[in-house]
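I opened my notebook for a first look at this structure. Come along as I go through it piece by piece.

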Amino acid sequence: MIRPHRKHPLWLAYAAHRVSGLGLALFLPAHFHVLSLAITRPKDLDTFLSFAEAPLVKLAEFGLVFLLAIHFFGGLRLLALEFLPWSGCQKNLAAATVAGAFLVSGLFFLRAI
Amino acid sequence: MSKSEKTLHVSVWRGEGPQGRFETFRVPRQDNQTVLDVVSWIQQNTDPSLSYRYACRVGMCGSCAMMVNGQPRWTCRTHVSRVADGDRLQIGPLRNLPVIKDLAVDMDPFFEKWIKAGGAHRPSRSRTEPIMPVSPQEPGRVEANKAIECINCAVCYAACDTVAGNPDYLGPAALQRAWTLYNDVKIDDRQAALDRATAAGGCQNCHSQGSCTRFCPNELDPLSAIAGLKRAAAASYFKRRSE
């Protein structure tokens, strides 16, 4: 339950940025551990890679990319908010442009794979 | 049944210091009624011992701010119809400040931080010297003008989660004042104003949650003022390193 004084887009954007960052921070040690298996235990890595083909793991990967996207754009938002003395209208336009560009490039990317 | 015959169920915080609980009152609902009207009705008709603070009743003095249904509001300019949850209203003392009694909080920590942030005016000229001409179009003046309508109501201070988590944080109002002084060409030492705003508990603690700007009743923008201080601090840091 979100407390009433937090129910506004700026606070929710802050929370999404923090939670996605925490999720990525928890993921990264596991990621590096799996990478290290390529050197230390290649057979275990192969086992893990076949496990990673499972649909549930694929879904989790989608979640991971989603977290990364949220954190990346959250960081850009924060940099724009704090280091660009633009008006609210200018910032909204910039955000809309980035979102539009992301949508178009994402569609081309999805068609390519 | 007309609206004026309806009843509001109002939960009001009662207690001295940190101890207390919500007590429910039934208040006649009017077509035009502010939250301060509701509190005054309770004090005048049901319980004269209810403590609260107000002065001007027209949104100028900044003394009647309270938490209304969990959000900080200036109660004299907040209509019940805009904030009531059906016929229910919860009114509490401002967040992040010590409660004296019921709805009255101790504003000292708020004003002490205002002073700590360098909120006092330190002029560059004495009263015997001629007044410095300042163009209203000068960029610094335009920036300073944005925040001079602050009425010290502490709504932004109560809305801020960073204040809640860090008692040393100066808070949005004090930092917005520091940003005004930093941009004021009549201030004697603007670098000193920036140094005070970037010291421990200063602008770098802000997490840009934006609740200050969201709830400011005068529609000021402390979030952008604090962002301005952060930019000025970064510029000052690189300038000092290159010297």
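**Entry 1**

I began with the domain contact: 15 residues of domain 1 of chain B are in contact with 15 residues of domain 2 of chain B. Here two residues are in contact if their C-beta atoms, placed from the backbone, lie within 7 Å. On the domain 1 side, the elements giving two or more residues are β3 (65–68) and β4 (71–74) of chain B. β4(B) gives the most, with 4 residues. I sorted the residues of that side by class and found 8 nonpolar, 4 polar and 3 charged. In this scheme Ala, Val, Leu, Ile, Met, Phe, Trp, Tyr, Cys and Pro count as nonpolar, Asp, Glu, Lys and Arg as charged, and the others, Gly among them, as polar.

Where do the domains of chain B run? Domain 1 covers 3–105 and domain 2 covers 108–242, with bounds from an automatic or database domain assignment. Their centres, taken over C-alpha atoms, are separated by 30 Å.

**Entry 1: what I am looking at**

A note to myself: this is a predicted model, where local features need pLDDT of at least 70 and side-chain atom pairs count only at pLDDT 80 or more, while totals for chains, interfaces and linings use all residues. Residues are numbered from 1 along each chain as its sequence is written, and chains are lettered from A and ligands numbered from 1 in the order in which they are written.

I checked the confidence of chain A, using pLDDT, the predictor's confidence in each residue from 0 to 100. Chain A averages 90, and 100% of its residues score at least 70. Within chain A, helix α1 (residues 9–40) has the highest mean, 93, and helix α4 (residues 88–112) the lowest, 87.

**Entry 2: chain B as a whole**

I counted 10 helices and 7 strands in chain B; helices (H or I, at least four residues) and strands (E, at least two) are DSSP runs, numbered from the N terminus. The C-alpha atoms of chain B fill a box of roughly 75 × 35 × 30 Å along the principal axes.

**Entry 3: the sheet**

I traced an open sheet of 5 strands in chain B, in the order β2-β1-β5-β3-β4, with mixed pairing. Strands pair if DSSP finds at least two bridges between them.

Next I followed β1 (residues 7–14) and β2 (residues 21–28) of chain B, which run antiparallel and are joined by 8 bridges. L8(B) stands opposite V27(B), and R14(B) has R21(B) as its bridge partner. The two strands form a hairpin with 6 residues between them, and G15(B) in the turn has a positive phi of about 145°.

**Entry 4: one loop residue**

I picked D184(B), in the loop between α7 (172–183) and α8 (190–198) of chain B. Is D184(B) buried or exposed? It counts as buried because it has 20 C-beta neighbours inside 10 Å; the cut-offs are 20 or more for buried, 12 or fewer for exposed, and partly exposed in between. Leaving out residues up to four places away in sequence, D184(B) touches G140(B) and A144(B).

**Entry 5: meeting chain A**

Last, I looked at the two chains together: 15 residues of chain B are in contact with 12 residues of chain A. On the chain B side, α10(B) supplies the largest share, 4 residues.
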